[in-house]
Structures are given as C-alpha cells and as structure tokens.
Amino acid sequence: MPKDRQAIFNRGTDVGILAQQIFPGGFDVSPSSIKKYGESVEKTKELIDKGAEVIYEAAFIFNEVLAALDILVKRDGKWYAYEVKSSLKITPAYVMDASLQYYVIKNCLPDLEDFFLVTINNDYELSDKLDVQQLFKPTSLKRDVVANLPFIESKIAQAKKIIADGDMPSVPIGEHCFKPYKCDYFGTCWKSVPEKNVFQLSALGLPQQVEWYKKGIKTIAAIEDTSELSSNVQIQIESVKQGKEYFEKEKVKDFFSKLHYPIGFFDIELFAPAVPVFKGTKAYQQIPFLFSLHILSEKQELSETHFYADPGEDPREQFVLACIEKLKDMGSILVFDSNLEHGVLNSLVKKFPQHNEAIQNIKKRIVDLSLPFANYWYFHPATLGSASLKNLYRKLLKDDSFEKMHVNSGTMATYSYNALFEETDLFKIEETKQQLIEYCKMDTLATAKLFLYLREKCNEI
Ligand code: SF4
C-alpha cells in the first residue's frame, strides 16, 4: 500500500478505536489477522448468545458475504449498529458500504433495529478535556440501507455469478475507474494505455478524454482537429506533437520584472488532526508547524533558514512570530501555489489579530511561482500530465531527489507529524523531525531552482 494511503488507513483505525469510548466496556473481537475473520464471526455469535451488550469489531457472514462492524450495541432488547468514519460528512460510497453491512447483519440478527454512521462533528471545539460524545456525530441511515436492500441483493448475485463463471468481465476503462475512488486495479487495466496519451492533457475534462479514447483517439498525436479546444489544451497538444517547449517570454519577463531582492522562497507544512489536540481547535483544523525559507540575495547567493515546532504545545504563536521575524527583510516571497500560504496566514490573523499588520505585510509580498506554468506561459512537453512542483522539478531539473526522500509529500508530512504526538521513542522523534525539515527545505529549494530555470530561459536568445 502506498505510504500516503497507509497513513490515511491508520488514521481511520485510530478514530475507530477512540469512538469505542462512546459505548465503553465492550468486548473486542478484532481478528488477529485479516485472514482470521472466521474467528471474529464465531466470537461475535458466542458473545451475543451469552448476552453481551456492546461488541467492538463484530463480524457476520450471510450468503457468503462477510461484514465487520465497528460497534454493535444492545438496548432494550434491540440491536443497533454503529460504523465509524474519520470523516466530516457522509458520502454516497459510505451509504452503499453501510447498505451491504446492513444486509448481512440484519439477516444474521433479525432484531437489528437501526444502522448509524458515526462521523466527526465539525462544530465541536476542544475545551480542557476531550468529550467523545460531542466529538462524534451518529446519523441514522435506516431509510437508505433498507431501500438499498434489493440493489445489494442483486449485486451480490451478480458478483457470485462472475466468480462461478471464472471469467473476468471485459469492461473497458472509463470514468468509472475513478468513482468513487481511484480503482485498486488501475495499474492492471490502464497499463496498456500508450505514452503521451489523451488522459495526460490538463485543462480538459475526463468525459472528453474518455470519449476520444473510446473512438480510438488514444494518443495526443492522434488528435487531428483542435479548433474547438481551449488555447491551454492546444498549447499542450502542439508542444507534444512538435516535441518542443512553448514559451511566452515577454509575459514571464514581465512577471519577473516585478520581483524584489532578496527573494524568499517559502513553504509551510501543516497538520490537521482528525481529533483536535489543542484547546479551542476543531477536527481537521490546519495547524502550521514548519516552514522553510531559501533566500536568494541580490548577489545571487542562496541560503536557507527554517522554523520547526516540536510536537506538544500549540505551535501557532511561535510560528507566526517566526514568520514575521524571518520574512521581514524579504523583498518578494515566492511560493508554489499560494492558496495554502494565504489560507494559513488568514487563519493566523483571526487567531492573533494583534499581528494583523505584520501578516498583511507578508501577504502583500507573496508571489505565486506556479502562475507561469498554470497559465501556460511556459510549457515543456516533458512535464505533460502535471504542473505540480514535484513533476516540474523532476522533469525540468532532471532531479529525482523528492522520490528518494522518506517524507516526500505534504500528506506524508501531515501524518508523520501527527504520529509524533503518540511517539515515545526519542530516536524516532528526532529522525522524523529531520525528515520533515529536509522535505520542507527540498520544497523551497525546488521552488528556487525552478525560478532560476525560468529566469535562464528568459535570458536565452
Ligand atoms: S481499473 Fe477498476 S474500474 Fe477500471 S476497468 Fe479496471 S477494474 Fe474496472
């Protein structure tokens, strides 16, 4: 499993365990391994027969389908099912999962009265002590799961027939490969998609890409009529067909002419715990804990400084003071995609209105280096598919440093820092700290190098 997805999975498990406290004192029948769910099914049945009233990770099998449930509760002779999600809202995919669980459990346990999805309550603000009853929000899905029963039954019959026939159904790739999530078999079904394919075109919707693909227009080279397409898509197509970069030099030069030295290349890392850890914060509130600043002087010397808050106390005040101090002498502050930085600074203004003037002063100097790429003033065919900082850096600077790093994405940084709140091994805490700082430094170095790359392009005759 990719590291990012493993981290999300771990978060879901942690929240599920915390939610057990809504109904304390239950029996946990979690299997010792994924292959031993049969034991959980037996233990669940045993506990129900013996009169248990709260069971965690209860498991049932009906019609050869296994369903596990986070919490099963008995009240006044009736059973109530609770499935926990580390999410703020209920999605159609959750309702469909719950419908399958309901189908299996209701057939094993006719006294099942209701099925609840437990999500995280976004209105809850942490005070002195965590209140799990307030943090979690159960919503009855009874109406939906009952209405979905015939559909679930028909899908199970269909799935069993496919298994019995022994043939993999022949389904062409399409929009369904991304709904509700990117499919686990993506690597298998999409491996025959040729290089420089239509799905790599940015600024073009998936329905158009799928339509072309179905018609046999699989590669960019095969697209003939581009007259109806937006100029940004035309730029990509022509650039790939001709194998050369597209460059609106005057626009990029004008963009650079407004910059002032010393130029700061700036990046923030934040974490957003599902369960709030600081007083006055809510679930998934973004808390900045690290920034890196590469500084390019007028003499063209590059240096670096950063701020890192050890996990523990709320880092926001230290963070805002460090930002103000380290950025005060910068001319322009270059970031790659300014949404995050503006969002963090806006939330800090709300929390610390006394620093409003200094923060507004920082915001005024922020310049977004993603614009020349996002606006297609510069496009290189090697970067086809993504104008992210990491893709541009890897392809244009021919450097795979990000790929070699232990922490190599904002998502990984978030989860790595979050995990430190539970970590007691001092070596591991220090090691993670260094990995996080190295990652953030790499982000600002990559931004600086992309700036130098584009500036060099402007100087070419
Ligand atoms: S990737 Fe998944 S959804 Fe797409 S065709 Fe293959 S199995 Fe079906």
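User: At roughly what angle do the axes of helix α3 and helix α6 cross?

Analyst: Roughly 85 degrees, and the axes of α3 (residues 92-108) and α6 (residues 149-165) come within 10 Å. An axis here is a line fitted to C-alpha atoms, for helices over the stretch in contact, with angles from 0 to 180 degrees between N-to-C directions. Keep in mind that this is a predicted model, where local features need pLDDT of at least 70, side-chain atom pairs count only at pLDDT 80 or more, and totals for chains, interfaces and linings use all residues. Residues are numbered from 1 along each chain as its sequence is written.

User: Why is α3 called roughly perpendicular to α6?

Analyst: Angles of 65 to 115 degrees count as roughly perpendicular. The crossing is at roughly 85 degrees, so α3 gets that label.

User: Which residues make the contact?

Analyst: On α3, Ser99, Leu100 and Tyr103; on α6, Leu149, Ile152 and Glu153. Being in contact means that C-beta atoms, placed from the backbone, lie within 7 Å.

User: What makes β1 and β6 edge strands?

Analyst: Each pairs on one side only: β1 is 27-28 and β6 is 136-140. They belong to an open sheet of six strands, ordered β1-β2-β3-β4-β5-β6, with mixed pairing. For two strands to pair, DSSP must find at least two bridges between them.

User: How many bridges join β2 to β3?

Analyst: Eight, between β2 (residues 54-62) and β3 (residues 65-75), which run antiparallel. With at least two bridges needed, these strands pair. Tyr56 stands opposite Ile71 in β3.

Methods: Helices (H or I, at least four residues) and strands (E, at least two) are DSSP runs, numbered from the N terminus. Angles under 35 degrees count as roughly parallel, over 145 as roughly antiparallel, 65 to 115 as roughly perpendicular and the rest as oblique. Two residues are in contact if their C-beta atoms, placed from the backbone, lie within 7 Å.
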